Amino acid sequence: MTVHNELAHARHALDDLVRSVGRLQTCLGDGLDVRRVRADADHLREDLELLGQSAATGEPAEAPAQPDVVFIPPTPYDLSMWVGCEDEGIGSRHGPERRRAPVGRLPRRTTKLT
């Protein structure tokens with residue numbers, strides 16, 4: 001099918017939708033939900049007209065841009081980059097003096113029963 005045929009088919013389906021919403025409005029009244037559906041149908045009609053205009057001028061639809069892939073090296077960051085930064089309360093390590101690596105296992109507690 002051509003673009004023109006697809007647009008005509010979409011307009012016909014949208015006309016059917018608008019008629020159905022009108023019948024629902026007579027049955028259900030003019031409540032908030034019905035008004036929202038009617039407004040959505042009106043927006044669809046406007047969007048379909050814009051799509052038809054852009055198809056008539058021959059403008060190609062813009063493809064979504066592919067995000068640039070950023071490779072992060074596995075090497076550690078330069079520690080001077082973090083000087084003066086705070087970790088905003090995440091954990092309890094605030095400086096090099098508190099960043100000691102754990103040494104082995106913790107000593108066992110000994111208790112005597114008396």
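Buried means under 20% relative accessible area, exposed means over 50%, and partly exposed lies in between (1.4 Å probe, protein chains only). This is a predicted model, in which local features need pLDDT of at least 70 and side-chain atom pairs count only at pLDDT 80 or more, while totals for chains, interfaces and linings use all residues. Residues are numbered from 1 along each chain as its sequence is written, and side-chain values use heavy atoms, with hydrogens and water left out.

**Stop 1: the whole chain**

Show everything as a cartoon. The chain has two helices and zero strands. Both element types are DSSP runs, numbered from the N terminus: helices are H or I with at least four residues, strands are E with at least two. Now colour by burial. Buried residues make up 7% of the 114 residues in the chain.

The accessible surface comes to about 11200 Å². Carbon and sulfur atoms hold 59% of that surface. Accessible areas come from the Shrake-Rupley method with a 1.4 Å probe; for residues, only the protein chains shown count as cover.

Next, contacts, meaning heavy atoms within 4.5 Å. Take those between residues at least 6 apart in sequence: 57% of them join residues at least 24 apart.

**Stop 2: helix α1**

Select residues 3–28, which are α1. This helix has 26 residues. From its first C-alpha to its last it reaches 37 Å, close to the 38 Å expected at 1.5 Å a residue. The expected span is 1.5 Å times one less than the number of residues.

**Stop 3: helix α2**

Select residues 32–57 for α2. This helix has 26 residues and reaches 38 Å between its first and last C-alpha, close to the expected 38 Å. Its buried residues are V34, A41, L48 and G52. Where do they pack? They pack against α1.

**Stop 4: the salt bridges**

How many salt bridges does a search of the whole structure find? It finds three. A salt bridge is a side-chain nitrogen of Lys or Arg within 4 Å of a carboxyl oxygen of Asp or Glu.

Select R11 and E49. The closest N and O atoms of this salt bridge are 3.3 Å apart. The pair links distant parts of the chain, with R11 in helix α1 and E49 in helix α2. In sequence they are 38 residues apart; in space, C-alpha to C-alpha, they are 8.9 Å apart. Is E49 buried or partly exposed? E49 counts as partly exposed, because its relative accessibility is 37%. R11 is also partly exposed, at 29%.

Next, select R45 and D15. Their closest N and O atoms lie 3.1 Å apart in a salt bridge. This pair also links distant parts of the chain: R45 sits in helix α2 and D15 in helix α1, 30 residues apart. R45 is partly exposed, with a relative accessible area of 32%. D15 is partly exposed too, at 28%.

Last, select D16 and R19. Here the closest N and O atoms of the salt bridge are 2.2 Å apart. D16 and R19 are separated by about one helical turn, because they are three residues apart in helix α1. D16 has a relative accessible area of 33%, so it counts as partly exposed. R19 is partly exposed at 44%.

**Stop 5: the nonpolar patch**

Select V70, I72, Y77, L79, M81 and W82. They form a nonpolar patch on the surface. Together they have about 730 Å² of accessible area. Patches are made of residues with over 30% relative accessible area and no salt bridge; like charges are joined within 9 Å, and nonpolar side chains (Val, Leu, Ile, Met, Phe, Trp, Tyr) within 5 Å.

Finish on Y77. Where does Y77 lie? It lies in the segment after α2. Y77 counts as exposed, because its relative accessibility is 52%.
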